[in-house]
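Subject: Structure handover and notes

Dear colleague,

I am passing on the structure we spoke about, together with some notes on what turned up in it. Please look through the model first and then read on.

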Amino acid sequence: MFMDSWKGVQDHLSKNMSVRCTRVPGALIVGAGPSGLATAACLKERGVPSLLLERTHCVASLWQLKTYDRLRLHLPRQFCQLPFRPFPTNFPAYPTKQHFIAYLEDYKKHFSIETVFNCTVVSAEFDHLCELWRVKTKGPKQEEAEYVSRFLIVATGENAEEIVPQIEGMDQFQGPIVHTSSYKTGDLFEEKRVLVVGCGNSGMEVCLDLCNHNAFPSLVVRDSVHVLPQKMLGRSTFGLSMWLLRWLPVRMVDQILLLVSRFMLGDTSRFGLHRPKLGPIELKNATGKTPVLDIGTLAKIKRGDIKICPGIKRLTQRAVEFVDGTTEKYDAIILATGYKSNVPGWLKETSMFCQDNGLPRQPFPNGWKGENGLYAVGFTKRGLLGASIDARRIAEDVELCWKADRGCRFHGLCSPTTTPTLTSRNHCFSTPKWRENFRSTSFDCRLVSLEVTPCGTLLIPRHSY
Ligand SMILES: Cc1cc2nc3c(=O)[nH]c(=O)nc-3n(C[C@H](O)[C@H](O)[C@H](O)COP(=O)(O)OP(=O)(O)OC[C@H]3O[C@@H](n4cnc5c(N)ncnc54)[C@H](O)[C@@H]3O)c2cc1C
């Protein structure tokens with residue numbers, strides 16, 4: 001009986017091999033940024049293999065391709081290193097972008113992390129029949145492929161796609177309008193009047209960079225914002241907050257941060273930077289909004305080198321009209337308007353991730369695990385530290401399932417030209433003839449049905465034995 005169906009299987013496969021299909025043992029990780037790399041390393045340390053799929057040609061594409069030259073880590077090095085590999089001792093307290101990229105490339109090499117580059121995941125769906133994730137990808141020339149895996153780890157980041165606001169008159173404005181992801185240095189803007197839209201860390205730092213390149217920046221500040229000094233009381237503000245939080249409640253820590261900030265920076269509302277009602281950490285926990293850690297921009301604002309502007313009403317050919325009725329001429333506009341997750345665009349599973357913002361529905365620390373071997377790393381709004389925490393948890397969980405699976409499940413892969421291989425420890429096929437078609441030799445169960453996917457993967461449903 002099986003031989004008949006096996007012939008059918010082979011015929012079917014021969015007809016349907018237009019899409020290359022790869023069965024991934026262990027976990028399939030989407031995204032080769034710090035989160036994906038950290039998870040792969042944690043899995044490796046536990047003996048679980050993994051494969052990363054990355055849409056660009058390099059690791060950490062956000063850092064390599066979408067950040068400005070002067071960027072340094074905003075947080076001190078000890079809060080940004082990934083599991084099992086500290087930063088080299090000669091790195092400064094706040095490593096530069098170049099340091100960080102070198103570290104990540106070395107990290108990949110050190111853990112021999114397998115990665116397929118130029119491979120964009122366009123859909124991922126759980127196949128309930130065979131209990132595997134089926135991930136479809138496209139290459140640079142739109143070539144399609146499919147990867148099949150028991151575990152799917154989403155590591156595409158909170159910053160996968162640029163947010164570009166639609167502003168009235170954008171098509172009329174005659175100067176360049178660029179997102180910070182395309183901004184490298186202020187060189188190009190010397191002597192130019194530049195409007196920077198958005199007052200997060202990136203917007204503030206771009207303004208500083210523009211000043212340092214003799215441009216004339218203005219900063220649009222629509223919302224309230226917490227600006228804190230990068231260091232206070234001889235420690236990094238972030239480190240100090242983490243330490244205080246061990247002993248004191250969030251609100252009290254916030255009060256201390258605000259008091260010291262007031263002492264060091266003065267009343268920021270005098271310069272148009274109004275503070276939110278919630279304290280910086282409470283606000284971060286509630287909304288994910290990160291306080292700005294000032295590295296010198298505020299001094300330029302105080303000196304009048306950077307002008308603060310209200311929200312934009314509309315753009316005209318060479319000018320910007322603001323909501324307070326004033327109009328100013330500008331040569332260029334830089335949008336420091338942030339990024340968003342792209343998960344809803346490709347993950348065909350809607351219970352774990354919110355469809356509106358592409359972030360896990362469960363807040364930190366519970367957003368890392370979904371159903372059916374689905375995981376999320378790096379969506380905690382807690383930067384690299386949050387990613388490392390997720391990565392360790394995921395690796396621990398996957399290891400347990402992976403080891404349990406190896407003892408009791410079949411998942412087969414075949415192509416028309418090779419004999420299918422079944423990975424199983426304790427099972428044997430009851431009919432000797434079947435054995436001829438499978439390399440595995442010891443079986444203790446009855447195989448009831450086989451399914452062959454169009455891409456050429458032989459999948460054996462778990463409930464069939
Ligand atoms: C300017 C800036 C400065 C920052 N500074 C700090 C800091 O100092 N400290 C800190 O802790 N955090 C910082 N962050 C936060 C930042 O998000 C993390 O540092 C880190 O890059 C997040 O890593 P990630 O791997 O989760 O996401 P990313 O670095 O964004 O990596 C995700 C990867 O997934 C890939 N990808 C996306 N979609 C697909 C797809 N469909 N198919 C295949 N691949 C895909 C992307 O190409 C990318 O390589 C900063 C962020 C920015 C923007």
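Helices (H or I, at least four residues) and strands (E, at least two) are taken here as DSSP runs, numbered from the N terminus. This is a predicted model, in which local features need pLDDT of at least 70 and side-chain atom pairs count only at pLDDT 80 or more, while totals for chains, interfaces and linings use all residues. Residues are numbered from 1 along each chain as its sequence is written.

Cys-211 has its place in helix α5. With 20 C-beta neighbours inside 10 Å, Cys-211 counts as buried; a residue is called buried if 20 or more other C-beta atoms lie within 10 Å of its own, exposed if 12 or fewer, and partly exposed in between, with C-beta atoms placed from the backbone. Not counting residues up to four places away in sequence, Cys-211 touches Pro-217, Lys-300, Asp-305 and Ile-306, where a contact means that two C-beta atoms, placed from the backbone, lie within 7 Å. Phe-189 is 22 residues from Cys-211 in sequence and 9.6 Å from it in space, C-alpha to C-alpha.

An open sheet of five strands, paired in parallel, runs in the order β8-β19-β9-β10-β15; two strands pair if DSSP finds at least two bridges between them. Its edge strands, each pairing on one side only, are β8 (177-179) and β15 (307-309), and the twist from one strand to the next averages 25 degrees. Helix α5, residues 201-212, packs on this sheet and touches β9 (193-197), β10 and β19 (332-335), its direction making about 165 degrees with that of β10; axes are lines fitted to C-alpha atoms, for helices over the stretch in contact, and angles run from 0 to 180 degrees between N-to-C directions. Strand β10 (residues 216-220) is joined to β15 by three bridges, and Val-220 has Cys-309 as its bridge partner in β15.

Elsewhere, eight of the 11 residues of strand β1 (residues 20-30) are buried, so β1 is largely enclosed by the rest of the structure. It pairs in the parallel sense with strand β6 (residues 144-154) over nine bridges, and Ile-29 has Ile-153 as its bridge partner in β6. With strand β2 (residues 50-53), β1 also pairs in the parallel sense, over four bridges, and Ala-27 stands opposite Ser-50 in β2.

As for nonpolar cores (sets of buried Ala, Val, Leu, Ile, Met, Phe, Trp, Tyr and Cys residues joined through C-beta atoms within 7 Å), the largest has 58 residues, of which Leu-28, Leu-37, Ala-41, Ile-153, Val-154 and Val-377 touch the most other members. Apart from it lies another core, of 38 residues, including Val-197, Cys-199, Val-221 and Ala-336.

Around the ligand there are 36 residues, of which Gly-31, Gly-33, Gly-157, Gly-378 and Gly-383 come nearest; a residue belongs here if its C-beta atom, placed from the backbone, lies within 6 Å of the molecule. Two or more residues of this shell come from each of α2 (34-45), α3 (61-65), β4 (120-127) and α10 (383-408), with α10 giving the most, four residues.

For the chain as a whole, there are 11 helices and 25 strands, and 38% of its 465 residues count as buried.

Best regards
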